[in-house]
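My entries follow the structure.

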2 protein chains.
Amino acid sequence: MFNYFYLFSNKLSLPSIIKNMSFTVRNAVEEDMQSVLDLITELAVFEKEPDAVNITVNDLINDGFSENPKFKLFVAEQENNIIGIALFYERYSTWKGRSIHLEDLIVTKTKQKIGAGKALYSAVLKYAYDNNYNRVAWEVIDWNTNAIDFYKSTGATYLNDWSVVQMNKENLAKFVENN
Amino acid sequence: MFNYFYLFSNKLSLPSIIKNMSFTVRNAVEEDMQSVLDLITELAVFEKEPDAVNITVNDLINDGFSENPKFKLFVAEQENNIIGIALFYERYSTWKGRSIHLEDLIVTKTKQKIGAGKALYSAVLKYAYDNNYNRVAWEVIDWNTNAIDFYKSTGATYLNDWSVVQMNKENLAKFVENN
């Protein structure tokens, strides 16, 4: 499906202390999905919504590795441990056309100073560039100012006036059954 | 690909004056794409970004009606005129799984009081419900309070603290070429 592989510890000019903690960024495989779910859950706890994760390992396997995968996924690996993920997929802008949505960029708390987040982020942007997408978009929560500052420093635009609206499955059913 | 068709003027209990202006909601076909682009452009002007629309009629045809369509599209039609559109596609939530993103919901200015917006919105929600999606999401600009109030009245949640971040094609190229 996609065969992108990147050894970031060579690509980036990292200080020697970081080189000793080198990691690789690679495509996810089915066997990674338990570790991926652990990271998704860790982020939900950080975002104060620990009970919001309804997805299972089997869902991730079925949805990501079937004939028509619903997402693409890069993982950052260090000494056989998955320390970070970037999950993304196609969207379609009526202004710009084919675009990429970065759904989740997660690095486990104890490994957040070794460049894995930037490496995963860069990998997604490089994927979008190499595949001629016209935009990359994502969402950020307003109190995560470190993330916002980082995104801006890379050339992204923070659209503070555009916010997210969601209808959950329960309210979707209510609406459809009553309309 | 999808064969959803809905005659809303029967489904909704509209006052008789509105019944006389009845419209239908149907799947878009290739021949609608010029009218669709006109509505996309009309919305961009309303949002004060008239030059932001880079997409062409051919892009819409190629991207929406090829073997692997990038979006689904309902149109509201009245007396052979396309008066509104709802363009949407799949996304993937790492909390909820398969979801629908409503990219654009547009009704032309002169036809905004006859229920076409709600009919298109309802059609997308019904599509999501019928196809067992776990969430429907979209984005709204904060000064469009009429839209926000409407969305809330239907059971949607306005996540004021979650905002959009985008990297355009030019800055994407700059970032990738320098990293």
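I began with charges over rings, counting NZ of Lys or CZ of Arg within 6 Å of the ring centre and within 35 degrees of the ring normal. Lys48(B) sits over the face of Trp143(B), 4.7 Å from the ring centre. I found Arg98(B) over the face of Tyr133(B), at 4.1 Å from the ring centre.

The model is predicted; local features need pLDDT of at least 70, side-chain atom pairs count only at pLDDT 80 or more, and totals for chains, interfaces and linings use all residues. Residues are numbered from 1 along each chain as its sequence is written, chains are lettered from A in the order in which they are written, and side-chain values use heavy atoms, leaving out hydrogens and water.

Next I looked up ring pairs (Phe, Tyr and the six-membered ring of Trp, centres within 6.5 Å; planes under 30 degrees apart are stacked, over 60 edge-to-face, the rest tilted). There are 24 aromatic pairs over all chains. Tyr92(A) and Phe71(B) make a tilted pair, 4.8 Å centre to centre with 45° between the planes. Tyr92(A) is in strand S3 of chain A and Phe71(B) in the loop between helix H4 and strand S2 of chain B, so this pair joins two chains. Helices (H or I, at least four residues) and strands (E, at least two) are DSSP runs, numbered from the N terminus.

I checked burial (under 20% relative accessible area, 1.4 Å probe, protein chains only). Tyr92(A) is buried at 0%, and Phe71(B) is buried at 4%.

Trp138(A) and Tyr151(A) pair edge-to-face, at 5.0 Å and 70°. Both are buried.

Key: Buried means under 20% relative accessible area, exposed over 50%, partly exposed in between (1.4 Å probe, protein chains only).
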